Amino acid sequence: MTRITLPRPDDWHLHLRDGAMLTGVLPETTRHFARAIVMPNLVPPVVTGAEAAAYRDRILTALPAGAAFEPLMTLYLTETTDPADVAAAAASGLVKAVKLYPAGATTNSHSGVRDFDKVRGVLEKMAEIGLPLCVHGEVVDPAIDIFDREAVFIETVLDPIRRATPGLRVVMEHITTKDGVDYARSQDDTLAATITTHHLILNRNHILVGGIKPHYYCLPVAKREHHRLALRAAATSGETRFFLGTDSAPHVDPLKECACGCAGCFTATNTMQLLAHVFEEEGRLANLSAFASENGPRFYRLPVNTATLTLEKTTTAAHWPAKIETGAGPVTVFDPGFPVFWHAID
Ligand code: OTD
Ligand code: ZN
Ligand code: ZN
């Protein structure tokens, strides 16, 4: 038997949704995580400080009894976002980051940015106050192959934005390529990158070989095996620039299992068990704490949690529900396709 105890982990990229879905999925995160950066891609999106405050209240109201969990709020960047509103929301402590979605890149991103010159004032204000920009890094040009969209974004959008806005602190969200890993490593400490649990486990064959697997379809889509291996090496390296953002993104089963299924893997329930498995496979269990508990707070300039989480390996396979029944409908829990012997002692 092996046991490890970590400072309680945080999730630096999470979709909690709203209403009955929020109530249904929130306990899956609060069971293991102390804090999460909450994505603002609601319909309509969370754009202003006032909207973020109202959303935060709804999350706090939905918390399971006794849960010690702090939602870290984000604002959805639009071409009309007011730099003064962003600065005030950051100064009050309410908002911890601003999220950049290129318009059309992923779920509920149509209010995102088309013309990056229009957000220059906001980005300059953020650089001045040290507020991180979380970036969905994919171009939306229909001429660019979906498997190349991250690499092209880095070269044609991300790097130019960072050069034009010195000091802007950026998180490359959910990197899925060796190109993303290499770019993050080549830059100074104003740049960090989150990595999801599922991108450490899936390559594109898992989605497509032997029948299409809608619960493995997410954005950015999983890439070739050599990219997955680069992500695993980065996540397990202990390097401070890489940390966990699950991108756990619930959709009810009927919206995943249909002719035009939604993107998103729901990993809130079993992420920590899966990560223990992956880090052990890589011979890097000692770096799980850096990835899941220490590097994120360091970048976001927050304290590491004092509470802890213990993970234990036994000879019995871990068990989690195949689906979470929410008031909005059933949500399928990510199935890695192999047995996992790590258990979280809640
Ligand atoms: N990816 N699904 C969603 C968001 C993300 O790009 C993302 O952050 C979602 O459903 O909100 C997904 O596959
Ligand atoms: Zn994204
Ligand atoms: Zn996301």
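Two rings of Phe, Tyr or Trp count as a pair if their centres lie within 6.5 Å; for Trp, the six-membered ring is used. This is a predicted model. By that cut-off, the structure holds eight aromatic pairs.

**Stop 1.** Select Tyr76 and Tyr101. Their rings form a tilted pair, with centres 5.1 Å apart and 40° between the planes. Now colour by secondary structure. Tyr76 belongs to strand S4 (residues 70–76), while Tyr101 sits in the loop between strand S5 (95–100) and helix H4 (120–129), so the pair ties together parts that are 25 residues apart in sequence.

**Stop 2.** Move to Phe243 and Tyr300. This pair is edge-to-face: 6.3 Å centre to centre, 70° between the planes. It links distant parts of the chain, as Phe243 lies in strand S9 (residues 242–244) and Tyr300 in helix H12 (residues 288–300), 57 residues apart. Both Phe243 and Tyr300 are buried.

**Stop 3.** Ring pairs join Trp12, Phe243, Phe299 and Tyr300 into a cluster.

**Stop 4.** Which ring does the charged end of Arg169 sit over? The ring is that of Phe299, and the charged end is 4.2 Å from its centre. Phe299 is also one of the cluster residues from the previous stop.

**Stop 5.** Finish with Arg204 and Phe147. The charged end of Arg204 sits over the Phe147 ring, 4.4 Å from its centre.

Definitions and conventions: Residues are numbered from 1 along each chain as its sequence is written. Chains are lettered from A and ligands numbered from 1 in the order in which they are written. This is a predicted model: local features need pLDDT of at least 70, side-chain atom pairs count only at pLDDT 80 or more; totals for chains, interfaces and linings use all residues. Side-chain values use heavy atoms; hydrogens and water are left out. Rings of Phe, Tyr and Trp (its six-membered ring) pair if their centres lie within 6.5 Å; planes under 30 degrees apart count as stacked, over 60 as edge-to-face and the rest as tilted. Helices (H or I, at least four residues) and strands (E, at least two) are DSSP runs, numbered from the N terminus. Buried means under 20% relative accessible area, exposed over 50%, partly exposed in between (1.4 Å probe, protein chains only). A charge sits over a ring if NZ of Lys or CZ of Arg is within 6 Å of the ring centre and within 35 degrees of the ring normal.
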